[in-house]
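Let's read a protein model together, one feature at a time. Keep the picture open while we talk.

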Amino acid sequence: MTPIQYTATEPESGDEIGRGESGDTPDDQGPMSQARTIEIILDRSARANRTVPIRRLFLQLGEGRDTQPGALKSLVASRQERALDLYLLVAAITGGPGHAVTEWSTTWARTIGLYDEKTGASAVSRAWKVLKSQGLITTARGSHRRTAVTKQMEDGSGPYEPPMQPGERYLQLPFEYWEMSLHTKLSLAGKAVFLIALAQRKHKFPLVHNRISEWYGLAQKTVATGIDELLKNEVLESAGFEYFDSLAVRSGRGSRPLYRLVDPFHQRGLPPAGLEGFPDHVWSGK
């Protein structure tokens, strides 16, 4: 069955950046801006809760001691920031049946801040190639020289299905990530640590450098940089300390800093503070 194709923006009459929707070049206006292009894409997503569900498999595979880093590690290690940016937008727009979107490369290029047609098209093509190598998307030739991009499962295992199974773990990336310009303010390190923070199912949580490095495959320097950026941009804030027994310190009591995500960048669907770990029906009233 041929997947239903969702067009993120109004069709352009040409394949060139700088042409308006009527086919004429706007007087003294230039191409549509990066912010406006992303705004239209998000509007077309029709997501009522204004968040993008992404399975935790994108960050980490397996359970317990058998965990290993997911696709995020490869994107960060190979410095594929544009590929990550495009993947997050594809995830946002492909929520409908078929989980596909058809657009010009010039449209996608604007979302990552590139306006030169040749440079933008090449950058987008390279990003699609990276995402395809991870099994995160497939591409096909669309109409009018556009490309159809179909989202795949976050672990690259095959055709995408929305997270619906009981207990299935996923994070929800809020639209404010784009609307408040975090996608341009944060580096690749900041974006990666933000996704990891969103996956934490507690109001307060530690971000221990060596543990994050081990669990998600990021270099400890990358983790430190990401935390600093999130604090600087008021996405993350300090939330005291957590104390624990440890023979690794002379006193026998170790400590580590705790953090929380600041509204509107916080995790969605958390139980009230103090009720983490209780079944949903205890705090949801179900």
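Q: How much of the protein chain counts as buried, and what does that word mean here?
A: Buried means under 20% relative accessible area, exposed means over 50%, and partly exposed is in between, with a 1.4 Å probe and protein chains only. Of the 286 residues of the protein chain, 45% count as buried.

Q: What should I know about the model before reading on?
A: It is a predicted model: local features need pLDDT of at least 70, side-chain atom pairs count only at pLDDT 80 or more, and totals for chains, interfaces and linings use all residues. Residues are numbered from 1 along each chain as its sequence is written, and side-chain values use heavy atoms, with hydrogens and water left out.

Q: How many helices and strands are there in the protein chain?
A: Helices (H or I, at least four residues) and strands (E, at least two) are DSSP runs, numbered from the N terminus. The protein chain has 11 helices and 11 strands.

Q: How do I read a nonpolar core?
A: The general idea is that in soluble globular proteins, nonpolar side chains tend to be buried together. A nonpolar core is a set of buried Ala, Val, Leu, Ile, Met, Phe, Trp, Tyr and Cys residues joined through side-chain atoms within 4.5 Å. Here the largest nonpolar core has 64 residues, and those with the most contacts inside it are Phe58, Trp108, Leu173, Trp178 and Phe194. Helix α3 (residues 81-93) gives the most to this core, with 10 residues.

Q: Which residues is Trp108 in contact with, leaving aside its neighbours within four places in sequence?
A: Contact means heavy atoms within 4.5 Å. With those neighbours left aside, the contacts of Trp108 include Ile41, Leu86, Leu89, Val90 and Trp128.

Q: Asp85 is also found in helix α3. Is Asp85 buried or exposed?
A: Asp85 counts as buried, because its relative accessibility is 14%. Not counting residues up to four places away in sequence, Asp85 touches Ile112, Tyr177 and Lys191.

Q: How do I read aromatic pairs?
A: Rings of Phe, Tyr and Trp (its six-membered ring) pair if their centres lie within 6.5 Å; planes under 30 degrees apart count as stacked, over 60 as edge-to-face and the rest as tilted. A search of the whole structure finds six aromatic pairs. One of them, Tyr177 with Trp178, is edge-to-face, at 5.1 Å centre to centre and 80 degrees between the planes. Tyr177 is buried, because its relative accessible area is 2%, and Trp178 counts as buried at 5% relative accessibility. Phe194 and Phe265 form an edge-to-face pair too, at 6.3 Å centre to centre with 85 degrees between the planes. This pair links distant parts of the chain: Phe194 is in helix α8 (residues 188-198) and Phe265 in the loop between β11 (253-261) and α11 (280-284), 71 residues apart. Both Phe194 and Phe265 are buried.

Q: Which residues form one aromatic cluster?
A: Phe175, Tyr177, Trp178, Phe194 and Phe265 form it.

Q: What does it mean for a charge to sit over a ring?
A: It means that NZ of Lys or CZ of Arg is within 6 Å of the ring centre and within 35 degrees of the ring normal. The charged end of Arg146 sits over the ring of Trp104, 5.2 Å from its centre. Lys151 lies over the face of Tyr160, at 4.1 Å from the ring centre.

Q: How do I read strand pairing?
A: Two strands pair if DSSP finds at least two bridges between them. Strand β2 (residues 51-55) and β8 run antiparallel and are joined by five bridges. The partner of Arg55 in β8 is Tyr170. Four of the five residues of β8 (residues 170-174) are buried.

Q: Which backbone angles deserve a second look?
A: Most residues other than glycine have a negative phi, and most peptide bonds are trans. Arg50 is not a glycine, yet has a positive phi of about 55 degrees. Arg50 is in the loop between α1 (34-45) and β2, and counts as partly exposed because its relative accessibility is 34%. His144 has a positive phi near 55 degrees, and is exposed, with a relative accessible area of 63%. The peptide bond from Asp263 to Pro264 is cis, with omega near 10 degrees. Pro264 lies in the loop between β11 and α11.
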